[in-house]
Amino acid sequence: MKFGPLDLPSLPALALPRLPLAAFRRRIVFHTVFVLLALAVVGLALTLLAEEKQRARARYEAGFRQTLSTLAAQLRHPTGQLALINADAVAPSQAGISPVVLPFSALDYSDPFKARQAVEMSGCAVHWPNDGGQLCVGVGNSAYAGGVVYLVADLVLPPAVAREKGTLELDPVSHAVIRAETSAGTERWVAPFEAPGDAPADLGDGGLRGRVTGFAGEGSLLVKGSLPVRDFRGWLWQEAGCAAPGQALPDCARRSLLSLRVPVEAWRRALFAQGTRTWPPADLAQTRLHLQWVAPGGQVLFDSARTGAVQPFSLQQLAGTLSAGEVLRIERLGGAAPQLVTQLRGQAQGEGVAAPWLTRLVLRLPSGDTRTQVSASETVSTSSGRYQLSLSGELASVDRSLSATATRMSGFVGAMLAAILLAWLVIELGLIRPVALLTKRAAALNYNMQDPQVERRLGDLEVRDMAGRDEMGILASTLAALLQRVKEGVRREHLRNEQERDMWQAVGHEIMSPLQSLMVLHGDAADPSHRYVQRMQQAVRVLYGTASPSEAITAATVEVDALDLDTFLRHVAENAPYAGIADVVYTPAGAPVWVQADEHSLEDVVTHVLRNADRYRPAGTPITLALPGVGEAMVALAIRNSGPAIPEPLLDKVFDYGVSDGAANGGQGEGRGQGLFVARTYMAKMGGTITAANVAGGVTFTLRLPRAASRTSPSA
């Protein structure tokens, strides 16, 4: 026995419609909105950057002129004048302190208040931050001062011990040691502290005041008969209170002011020599002054050569006021041509690193000011001459500074753009793309509804993979449910058409057999009934071609009721010979077995199985009917025959319509692959099943029907 399945031709690829532009309108609007939003952020950033560039340039120019005014005011102050006059001043060293030219002609060394005020105003003092001491070494800016150098020291010293007149030993007294090194040589002085001629050194309130008399030479012993240097003048003032709190009088250290006027013989000779007088001295920058204050016993309390000295204000310190790209040029006027004093350039103040591409962008931003540089100048008049300050600045430095700020702020703009991109991705992947996919699949479903193979086409359209708990998932689930209903509707419609076709063919098939018998009985052409029988055959042939048997059988209805299967099988076995099936054997169960079935439909099912078994059993072998078991829900009926086995691959296909080996012709479905199809269809309508299995020496068909309680409780 050989069965062959029905081969279905493959279908071409699923056709998808070409959607019109209107279908993408919302997506275009969505993408356009996000693109415009990103462009707006970039445009806003560029606009603000351009406005900030314009404001930064305006602020810089206002600050630029204010910087020049501040520098000019600073240089007009005595401290600034001192820096201008002494532009080439040398820093203090262990060799000594180089004198500076003071911004006034002379210094009132004999008045402590005026001397201290002159030092503070001019800023000529060298500071030692460790103990707060300071020393100003300077010369007047006028030659009429007589070639002297002023030394004004503000120190913290213990009470000074005065020298008695006529005393040659200097170890028991406080004294100063001065040394001046010039290009003409070295001059030395020793100056002991002495009480003034008209009053004692002790002022009575705890304060001290006394002269400091200078003698030429050095050492701790004065030469007998030596006279003080005539033009050497000096005073020492010590405050009454202690310099540091917690110390006790009278031996505590006190704030002391030492003011000296020291004549330098080499300068005096140069001033009073024949010829042009030159002041300040030409070798002033090479001159070094060294001052020591020695306490009784030879202890040096102050030494100007000690380390840690801080130089007075100089022009170089003005460079810290300048911004990056600014250049300050100081020239002295009065000669045939301006004489350059110094040129200072501002340095970058650590504004941060600027991205090169942002720097180029800022430089190319439009601006109402197209200048690349700004410049201004002012004149400063001092006692030693007039000076011109010329300040120039590069506007490009403003742009570079702005680009450094923009580099720091670019992270915020980048974060905003990243947020826009993230929002776009979330909406695009989470909403727009699923909507577009659902739209495409829905359009494909509508488009392919006109395909003749619509039932198979619907299997290619699936949206369950998009189902979920969110809005799109619910929409996809709903569309999947609707699609499933469409599939089931198409399948039911197709099945109904097949049922109708099979019904008509089955009806024609059932009518054709008795008509053939009538044709035998009325085969004579002279018989008046012969013509009418032929007409009936012709009508049945037309009816037979209208619908397939499978459609007719599937559309048939059954009336399920309670049926005693034991009694039913006894009748089947007894009547089988009248249907042309001999040797059907049934062993009664001995008690009623109630099932839910339609008697006529079940008889048709059993008859089709018996006919199939009869065709393949060896001659003379019985066909047995048995009830192998009765379960709680189902009752099994086994129909067994001897003969060849059904091939394993075809065990489940023998019940399909049209599957047959063509071994028989005629009869009720024999040879057409219809009998077992009818059996499975009727069993399904009655809520049962039918299966085939190969057993030793034959084949067994098993029918299973639902149990029924009794005849009085049928099932609908």
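Colleague: What should I know before reading the numbers?
Modeller: This is a predicted model, in which local features need pLDDT of at least 70 and side-chain atom pairs count only at pLDDT 80 or more, while totals for chains, interfaces and linings use all residues. Residues are numbered from 1 along each chain as its sequence is written, and side-chain values use heavy atoms, with hydrogens and water left out.

Colleague: How many helices and strands does the protein have?
Modeller: The protein has 13 helices and 23 strands; these are DSSP runs numbered from the N terminus, helices being H or I with at least four residues and strands E with at least two.

Colleague: How many disulfides are there?
Modeller: The structure holds 2 disulfides, a disulfide being a pair of cysteine sulfur atoms within 2.5 Å. They follow the pattern 1-2, 3-4, with bonded cysteines counted along the chain.

Colleague: Where does the pair C124 and C136 sit?
Modeller: C124 is in the loop between α3 (112-122) and β2 (125-128), and C136 is in strand β3 (residues 133-139), 12 residues apart. Their S to S distance is 1.8 Å, and the link is left-handed, with -115° about the S-S bond.

Colleague: Are those two buried or exposed?
Modeller: Both C124 and C136 are buried. Buried means under 20% relative accessible area, exposed over 50%, and partly exposed in between, using a 1.4 Å probe and protein chains only.

Colleague: And what does the link of C242 and C252 look like?
Modeller: The link of C242 and C252 is left-handed too, with -90° about the S-S bond. C242 lies in strand β9 (residues 233-242) and C252 in the loop between β9 and β10 (254-263), so the pair ties together parts 10 residues apart in sequence. C242 is partly exposed, at a relative accessible area of 24%, whereas C252 is buried, at 4%.

Colleague: Changing topic, which residues touch the most other members in the largest nonpolar core?
Modeller: They are L565, L602, V606, L610, I639, M686 and L703, out of 44 residues in that core. A nonpolar core is a set of buried Ala, Val, Leu, Ile, Met, Phe, Trp, Tyr and Cys residues joined through side-chain atoms within 4.5 Å.

Colleague: Which element gives the largest share of this core?
Modeller: Helix α12 (residues 599-616) does, with 6 residues.

Colleague: What is L602 in contact with?
Modeller: Leaving aside neighbours within four places in sequence, L602 is in contact (heavy atoms within 4.5 Å) with L563, L565, F568, A597, M683, M686, L703 and L705. Apart from this core lies another, of 36 residues, among them V137, I178, A266 and L284.
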